[in-house]
Amino acid sequence: MKNFIYTAFLFLFVAGCKPGIPSDIIQPDKMALVLNDIHIVDAYITTIPYLDSSKKTAAAFYNGIYKRYEIDSALYGKSMAYYSQHPKILDEIYTKVTKGLNKQKGVLVKADSLVNAKAAKILKAKMKADSVKRADSLKKVTAPQRAKFKADSLKKVLAVKKADSIKKVDSTKKAKAVLRKALRKKRADSIKASALLKKTIKKK
């Protein structure tokens, strides 16, 4: 029994002495959160068109991340160097980062959908309100107003018809005048021709 207890104690002691991640390195779970935030900042920085502005903005965001997780740029650099030499652990960290980013992406997509749905609902309500307002405006038009509108429309139609009739009459008058002139000329030519014929016969 004593041997068993001794063996178990020795096993636990050896397991406890197994080298792990140093205490002066950002631990994996915390590192996953830091990298998650840094990748979000990096994605945002790429949307800023001016290089100077993007550098200033990036520096401000990175400092905010360091402050949030109670680290600094030196510790972050040291931790990244350590995990780069331990790709298996780094791969596990990035599995968590990817999962976190996908989750945040899902939340953002859902939020965008809700915003779009809300905007569509507001627009639909506005269109409906405008339609009701127009209908109410039409209802408020009194019978005398409708009669006046109808009379005005009729006057416009009659005025157009009268103008067309005057134009037709003018055209007819002009045509008759031209015809009368042509007939007079023809008659005059005929008289001249007859007189000339008579003179010719007398000479013979």
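The accessible surface of this protein chain comes to about 17700 Å², and carbon and sulfur atoms hold 66% of that surface. Keep in mind that what you see is a predicted model.

Now the inside. The chain has 204 residues, and 12% of them count as buried. As for the secondary structure, there are 6 helices and 0 strands, so from the N terminus on the order reads α-α-α-α-α-α. Among contacts with a separation of 6 or more, 75% join residues 24 or more positions apart.

Let me take helix 2, residues 28-45. How far apart should the ends of its 18 residues be? At 1.5 Å a residue, helix 2 should span 26 Å, and because its end C-alpha atoms lie 25 Å apart, the two values agree.

Which residues of helix 2 are buried? They are Met 31, Ala 32, Val 34, Leu 35, Asn 36, Asp 37, Ile 38, Val 41 and Ile 45.

Next, the neighbour. Helix 2 packs with helix 3, residues 51-68, at an angle of about 165°, and the axes are 10 Å apart. Angles over 145 degrees count as roughly antiparallel, and therefore that is how helix 2 and helix 3 run relative to each other. The crossing of helix 2 past helix 3 is right-handed.

What meets at this pair? From helix 2 come Val 34, Asp 37, Ile 38, Val 41, Asp 42, Tyr 44 and Ile 45. Helix 3 brings Ser 54, Thr 57, Ala 58, Phe 61, Tyr 62, Ile 65 and Arg 68. Of the helix 2 group, Val 34 and Ile 38 are among the buried residues.

How values were computed. Residues are numbered from 1 along each chain as its sequence is written. This is a predicted model: local features need pLDDT of at least 70, side-chain atom pairs count only at pLDDT 80 or more; totals for chains, interfaces and linings use all residues. Side-chain values use heavy atoms; hydrogens and water are left out. Helices (H or I, at least four residues) and strands (E, at least two) are DSSP runs, numbered from the N terminus. Buried means under 20% relative accessible area, exposed over 50%, partly exposed in between (1.4 Å probe, protein chains only). Contact means heavy atoms within 4.5 Å. Accessible areas come from the Shrake-Rupley method with a 1.4 Å probe; for residues, only the protein chains shown count as cover. The expected span of a helix is 1.5 Å times one less than its number of residues. Axes are lines fitted to C-alpha atoms, for helices over the stretch in contact, and angles run from 0 to 180 degrees between N-to-C directions. Angles under 35 degrees count as roughly parallel, over 145 as roughly antiparallel, 65 to 115 as roughly perpendicular and the rest as oblique. A crossing is left-handed if the near helix is turned anticlockwise from the far one by less than a right angle, and right-handed if clockwise.
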